Amino acid sequence: MIGPLLKGLGKTLEQMFRKPITIEYPEKKREVSERFRGHPRLLRDETGRIKCVACHLCETICPSKAITVVPEGGPQMHDKHPREFIVDLARCIFCGFCQEACPKGAIMLNRKYELAQYRRDVLIYDKEKLLEE
Ligand code: SF4
Ligand code: SF4
């Protein structure tokens with residue numbers, strides 16, 4: 001009779017002194033793996049200019065049509081940059097195809113995972129927001 005009781009008590013004590021596997025989120029954040037795919041962000045070159053040349057490859061390859069690129073200037077302009085670059089994070093499935101397709105290394109997925117919002121429009125990121133991320 002006392003045996004199973006002591007066994008149960010032993011198990012309880014064992015768990016009490018074990019390192020917890022949960023964390024106190026959101027006060028503590030979990031480290032994500034190197035391969036974790038967050039949402040896309042735009043990058044600048046070493047001179048501070050946006051790397052994107054508005055080639056539309058990411059926009060074309062995106063399976064969920066989350067990207068909209070509007071180039072600056074007319075079709076004759078050779079030094080192209082986007083006038084507008086929009087990513088709808090409510091559509092994005094974090095597949096990373098845009099990053100793979102970009103010939104300039106101008107778009108990369110970050111490692112952020114806190115994207116929950118009450119309003120959908122907050123998840124529509126424009127160029128400035130994508131650059132500051
Ligand atoms: S990660 Fe995938 S779904 Fe999201 S914008 Fe890039 S290509 Fe589109
Ligand atoms: S982010 Fe890359 S693939 Fe997308 S339009 Fe700019 S240069 Fe082209």
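How do the residues of the lining of the second largest cavity divide into nonpolar, polar and charged? The legends below take up this question first, for a model that is predicted.

**View 1. The second largest cavity and its lining.** In this predicted model, the residues that line the second largest cavity divide into 12 nonpolar and 2 polar, with no charged residue among them. The cavity has a volume of about 80 Å³, and of the 14 residues in its lining, P40, C62, C92, C95 and C98 lie nearest its centre.

**View 2. The largest cavity and its lining.** The structure holds 2 cavities of 30 Å³ or more, and the largest cavity has a volume of about 100 Å³. Its lining is made up of 15 residues, of which C52, C55, C58, F85 and C102 are nearest the centre. By class, the lining of the largest cavity comprises 13 nonpolar residues, together with 1 polar and 1 charged.

**View 3. The largest pocket.** With a volume of about 240 Å³, this is the largest pocket of the model, and among the 13 residues that line it, R35, F36, R37, Q99 and L109 are the closest to its centre. Two or more residues of the lining come from each of the elements α3 (97–101) and β4 (107–109). Sorted by class, the lining of the largest pocket has 6 charged residues, 4 nonpolar and 3 polar.

**View 4. A nonpolar patch on the surface.** The residues I2, L5, L6, L9, L13, M16 and F17 form a nonpolar patch on the surface, and together they have about 820 Å² of accessible area. One of them, M16, lies in helix α1, which covers residues 2–16. M16 counts as exposed because its relative accessible area is 57%, which is over the 50% that the term requires.

View 5. Most peptide bonds are trans. The bond from Y25 to P26, however, is cis, with omega near 10°, and P26 is placed in the loop between α1 and β1 (40–42).

**View 6. Two residues with positive phi.** Most residues other than glycine have a negative phi. K65, although it is not a glycine, has a positive phi of about 55°, and K65 is found in the loop between α2 (57–61) and β2 (67–71). Phi of F94 is likewise positive, near 55°, in a residue other than glycine, and F94 lies in the loop between β3 (82–88) and α3. K65 is exposed, with a relative accessible area of 55%, whereas F94 is partly exposed, with a relative accessible area of 25%.

Note on methods:
Residues numbered from 1 in each chain as written. Chains lettered and ligands numbered in written order. Predicted model: local features only at pLDDT ≥ 70, side-chain atom pairs only at ≥ 80, totals over all residues. Heavy atoms only, no water. 1 Å grid on protein atoms, 1.4 Å probe; cavity = no way out; pocket = protein on both sides within 12 Å on 5 of 7 lines; lining within 4 Å. Points joined across faces, edges and corners; volume = space filled by probe spheres on them. Helix = DSSP H or I, 4+ residues; strand = E, 2+ residues; numbered from the N terminus. Nonpolar A, V, L, I, M, F, W, Y, C, P; charged D, E, K, R; others polar. Patch = residues over 30% accessible without salt bridge, like charges linked within 9 Å, V, L, I, M, F, W, Y side chains within 5 Å. Areas by Shrake-Rupley, 256 points an atom, 1.4 Å probe, with all protein chains shown as cover. Salt bridge = Lys/Arg side-chain N within 4 Å of Asp/Glu carboxyl O. Buried < 20%, exposed > 50% of the residue type's maximum accessible area, 1.4 Å probe, protein only.
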